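Work through these exercises with the sequence and the 3D view open. Try each task before you read its solution.

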Amino acid sequence: MSNFGYVAPTTVEETLSVLKRATDQGQRAQILAGGTDVIVQMRSVDNSHRLFVDIKALRETNEVLIEEEQVYIGAAIPSGVLNENATLKTLLPGLLESADLIGSTQIQGRASIGGNLCNSSPAGDTIPALIANAAICVIATSEGIRTVPVENFVTGVGRNCLVGNEFLLGFQIPRPSTGTGDAYLRFIPRTEMDIAVVGAAVAVTLGQDGICSHARVAIGAVAPTPLLVDAAGVALVDTPVDEEALRRAAQICSDASQPITDKRGTIEYRRKVVGVLCRRAGAIARDRALSNQ
Amino acid sequence: MARVVFPDHLHRFTQGTHELEVDCASFRQLVRVLEEKWPGIESALSSTAVAIDGQIFQDAWFEKISPNSEVFFLQRIEGG
Amino acid sequence: MADAANYKAIGTRPIRPDGIEKVTGRANFGADLNLPDMLHGKVLRSPHAHARIKRIDLSKALAVDGVYAAVSSADFPQEVTSSLSINILARDKALYHGHAIAAVAARTPRIAEEAIELIEVEYEVLAPVLSLDEAMQENATLVNEHLRTNDEESAPPSNIASTQKFERGDVQKGFDEADVIVEEAFRVPSAHQGYIEPHACVATSNPGGRVTIWCTTQGPFEVRSATAGVLAKTVSDIKVIPSEIGGGFGGKTVVYLEPVAVRLSELTGKPVKMVMNREEVFRATGPASATLCKIKVGATKDGRITAAQAWLAYEAGAFPGSPVGPGAMSVFAPYDLENFLVEGYDVLVNKPKVAAYRAPGAPQSMHAMECAIDELAQRLDMDPIDLRLKNAAKEGTVAPYGPKFPPIGLVKCLEAAKRHPNYATKPEEGVGRGVAVGFWFNIGMQSSAEVCVAEDGAVSIMEGSPDIGGSRASMCLMAAETLGVPYETINAHVGDTESTGFCNLTGGSRTTFATGLAVVKACEDVIAQCKARAALTWELDVDQVEWQDGRAVPKPGVNIDVDPLSLAEIAKTMSRTGGPLLGRASLNAQGAGACFSVNWTDVIIDRETGKVDVKAFTAVQDAGRAIHPAYVEGQMQGGAVQGLGWALNEEYIYDGNGVVENASFLDYRVPVASDMPMIDCEIIEVPNPSHPYGVRGVGETPIVAPLAATSNAVRDVLGFRINDLPLSPPNVLAAIDAAE
Amino acid sequence: MTKIYVSTIVNGRPEDVLCEAHQSLLDLLRDEIGLTGTKEGCGTGDCGACTVLLDDRLVCSCLVLAPEAHGKEITTVEGIADSQDGLHVVQQKLLEHAALQCGVCTPGFVVAAKALLDKHSDPDEETIRYWLAGNLCRCTGYDKIIRAVQDAAQELATTK
């Protein structure tokens, strides 16, 4: 009665054709990267039969390319591997920290930022950090590649913009310019192993004069999807990202949040703490930007 | 006469009696006396622990009781 | 009793006999056994917290290819109506979300899982009773329509299964004499034991009705009697072989799967393995009671407690039997009180039946009292240890639950705490410190041991207490000390129900005390036999021989020139002196000796997020005598972290329908390594006169004090008290916001 | 139902087995290969009792599909001790420090701690605690485990 399958194609074309064949045969296909969400959900939420399509053998999902203008990060690279990349760590410390926060050392041996995004949880740790860094999703489709800004990728709790047999290959991220710093902070009740109750990511670029020319703020776990809070970024621009500016941005984040009360936190708690984290992450991002002149 | 004290859960057998003076030389004798007085209490006592002069017994039977003894029935402790 | 300094083996820290098996993955735990032709059983559980079961139809599950049997409660002896039996498979009502309804046995776990989903159950959903407040109201919905308080036939049906009352002196008069009175109510949530190994068993039955069960349990003999009870068998029909046990803490003292696996095996003629997943462990196995404890305590200006009053309500889950009794008996145990009144209520709710969890009942009630005492110290401006010293129970104090305390270590623990460098050093700015006292009665009960001597003098101990925390090492140490032979020549084995004498479960902190006592006595039996063999060899009377440092020697004054005979030498010739050397002992140990502790912890609080971080924790505890000090510390440290987890983040979170929302280790937050500091320990030794080496149980007391110690430390930081646990970030931040 | 062929090397020994796609690497190790040293505590990656090395990277074997092991090398707790040299220093130190009580989490800790020491020769307490945060232990309160790993690191440093 069991009708589970597993394939590990090695090219994008092969993957697309495997997905198409499954669709044509009426078989459910599910993309597998690190599996740390997919396998848990198969056990606890939906154990229906399916074909696992493992995309870890593709070049495109596994490579890191650091170019003059942009950085490319494959969707299926385990966060443990990403965090061993010293150049990436220097360029995008906040993003790498967000990946480093997902689960334990063991989970980091598997979990990828692509999987974190495709799981499309409001609380996905890497999503606010990707958004703050203006990352663009690179998506394989039967018609070729299409791109979507990360802030437009997640469309609801557990839902995203992938349709048909599309799947995520990786991320293009503008290479941070001189004077740029990012940071991500989340709140969890323990020190490790929890899902974010609240998350906030800030990326700022400061000029030689210490004044912010560009800022992006994104928040997680306080709305059905992670949110880019444009106004919070605006509140930091043309300021030295000092306490006063950060408090303004924090208030904007609190106001922009639309949290719920659940087993992990209350509305009041999340609304308040998202501001706290925005302020704290902003200060870290600022200090990183200043040391990066 | 030994002083015998009953906890709440035995009061439905002792008709609310909390404390009693009993003339007996051993735990077995005490139980006999009590069963005679309040038929049915013996089976409840068999699943109850007892402290005789400060020493707790989970399963008492032939332990000695002296005229100035204090006998406390108490719930059995199990433990994790 | 010899002075500790004179012991050769006791008090040392050797490697446990079963250690290598456990660090190399060779040790076999509950789920590690597979038998040829074995089937896999899975349980269907109720999706409702309270529902009448109108119909169960197993036919679709039975029709699945690979399914061999399916059962519901109808397949079990109906005349057995114990709570246990009805908890194992629901009868007319599902009493909590996750209550077992039916089970199947199939060729693979996957087939079994898919088949249980095909079982059709018709429910009439009833309103669940989910809180103490709700359950104790008049006209509350009834969990059990036939239950009457204290079995009083004339009383109306109620959710209150039983009441407790302890009283001494005149409470009103005592409060009238008080200069300061603290009166507060405290809630503690349900917490799970959180053992890492889920419940698991394999059962096989032969056509003659004989059954063998391999399982992970704290008590194989209790599994035997419980399974026999549910199945209306005799215990002689059943053999239970305990596997290594992956944690229990009280939660593996009851059975859930074993009778079902046996029935499935009887129906199929094949071995049946059943293993719970983690979600089932959380939903259907024993958590500790959620409680509401109201405390009133009064004292004079100089800190003498004049009266204390406690009102305790404990959730029992869906069946009677919360540990409110021990909770009521322990709440005032550390104090010498003239006037007190304790009332306790055992209350049914539509939640899983609670099970023992380390010092069952005490952490909740003593959290309330130890918080109240701390509050009293604040108002009297007294050091919290001084206030406790002023009122501490000691030898001769009549315990609130009746008996007089024999020698106990509370005062020594308090004095040691006061002297301890970790206490003498005052906390830095922003750091809060909280102190609390812990207590547990400890129990003795029945144990058996056999000590066999091999032909080369090697010693093997056979006993019946599953080893959860290194008890084999303690047994070997006590045997080494008694026999006077090296620890390394001794091994200890936990037997099955047919290879060792009856033994009560590992629990109640009884193993090192009671089974240890049996081992010591069995060793003394071996010594007596050795002396007789030596006397025979030397042609002396047995009373002319004594045992010294592991050797038989003629008593001083006996005029004979012979070399002493070691255990190994006597063993070498045993075939000629009477056959194998085999010592044995069986007993019902009395005088377990109460165990007290003093704990304090230093915490900091992030006032913007409400997060409490534990910076330091110190545990001082009376062990009577620490046989293997490292494993005593292990109990203290493990219990401390369980208590800290309960204080900070652990709780059962229910939705409005009685469904546990956090039935996973992801959201039921036991402490992880990075949450905790080192746990500093000081072992106090006030020997227990009822044990030849002075042993007291040490396993349970450690979980008691950390709850209040944490609450008191948080109060120290914030300047106001948060009465309810857990002190989780949302709760702490809400309290900070409310105070501002 | 089609079974999937998996060719893998477990503790240095080639293993060719058939599995189903929904099975985990943990199922493969325990039920198909018979290595029951690796334990299942939760099945959701939250407890670490099933920790193994997959191509030298620490993973929860309950969160790896069995077919993913094809062509990979796996080290389990059974492969940590050396048949020549005996116990690994981590195993020895866990024993010496009495750092296990029930022992069911121990296999996961052994594998995780060994991986830590292979990567960091001189980890401080905080590094050890965070590295091992994915391994739950309910018995010890972690104290003795952390000390054992510190001691093992020290011993490795002095013998190198």
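Two residues are in contact if their C-beta atoms, placed from the backbone, lie within 7 Å. The model is predicted.

**Exercise 1. Two helices of chain D**

Task: find which residues of α2(D) meet which residues of α3(D), then describe how the two helices pack.

Solution: 
- Step 1. Apply the contact rule. Val90(D), Gln91(D) and Leu94(D) are the residues on the α2(D) side. They meet Thr106(D), Val110(D), Ala113(D), Lys114(D) and Leu117(D) of α3(D).
- Step 2. Sort these residues by class. Five are nonpolar, two are polar and one is charged.
- Step 3. Two packed helices are described by the angle between their axes and the distance between the axes.
- Step 4. Read both values. The axes of α2(D) and α3(D) lie 9 Å apart, and the angle is about 125°.
- Step 5. Name the arrangement. Angles of 65 to 115 degrees count as roughly perpendicular, and those over 145 as roughly antiparallel.
- Step 6. α2(D) and α3(D) cross in the right-handed sense.

**Exercise 2. A helix pair in chain C**

Task: decide whether α12(C) and α13(C) are roughly parallel or roughly antiparallel.

Solution: 
- Step 1. Locate the helices. α12(C) covers residues 384-391, and α13(C) covers residues 410-419.
- Step 2. Read the geometry. Their axes come within 10 Å and cross at roughly 160°.
- Step 3. Compare with the cut-off. Angles over 145 degrees count as roughly antiparallel. Therefore α12(C) and α13(C) are roughly antiparallel to each other.
- Step 4. The crossing of α12(C) past α13(C) is left-handed.
- Step 5. List the residues that meet. α12(C) brings Ile385(C), Arg388(C) and Leu389(C). α13(C) brings Val411(C), Leu414(C), Ala417(C) and Lys418(C).
- Step 6. Count by class. This contact has five nonpolar residues, no polar ones and two charged ones.

**Exercise 3. A sheet in chain A**

Task: work out the strand order of the open sheet in chain A, and say why one side of β4 and of β7 is left without a neighbour.

Solution: 
- Step 1. Recall the rule. Strands of a sheet pair through backbone hydrogen bonds, either parallel or antiparallel.
- Step 2. Write the order. The five strands of chain A run β4-β5-β10-β6-β7, with antiparallel pairing.
- Step 3. Find the edges. β4 (64-66) and β7 (144-149) of chain A each have a single partner strand, so one side of each has no neighbour in the sheet.
- Step 4. Neighbouring strands are turned by 20° against each other on average, direction ignored.
- Step 5. Zoom in on one pair. β4(A) and β5(A), residues 70-74, are antiparallel and joined over three bridges. Within this pair, Val64(A) has Ile73(A) of β5(A) as its bridge partner.

**Exercise 4. Which chains touch?**

Solution: 
- Step 1. Four pairs of chains touch, and chains C and D have the most contacts among them.
- Step 2. Count residues. In that pair, 45 residues of chain D are in contact with 45 residues of chain C.
- Step 3. Look at the chain D side. α2(D) gives the most, four residues. By class, this side has 22 nonpolar, 14 polar and nine charged residues.
- Step 4. Turn to chains B and C. Here 33 residues of chain C contact 19 residues of chain B. β7(C) supplies the largest share of the chain C side, four residues. That side holds 13 nonpolar, 14 polar and six charged residues.
- Step 5. Note the pairs without contact. Chains A and B have none, and their closest C-alpha atoms lie 26 Å apart. Chains B and D have none either, with closest C-alpha atoms 13 Å apart.

**Exercise 5. Domains of chain D**

Solution: 
- Step 1. Domain 1 of chain D is 4-79, and domain 2 is 89-159.
- Step 2. Read the separation. The domain centres, taken over C-alpha atoms, are 22 Å apart.
- Step 3. Count. Domain 1 gives 13 residues and domain 2 gives eleven residues.
- Step 4. Find the main contributor. On the domain 1 side, β3(D), residues 51-54, gives the most, with three residues.

How values were computed: Residues numbered from 1 in each chain as written. Chains lettered and ligands numbered in written order. Predicted model: local features only at pLDDT ≥ 70, side-chain atom pairs only at ≥ 80, totals over all residues. Nonpolar A, V, L, I, M, F, W, Y, C, P; charged D, E, K, R; others polar. Axes fitted to C-alpha atoms, helices over the stretch in contact; angles between N-to-C directions. Parallel < 35°, antiparallel > 145°, perpendicular 65-115°, else oblique. Left-handed = near helix turned anticlockwise from the far one by under 90°. Domains from an automatic or database assignment. Pairing = 2+ DSSP bridges.
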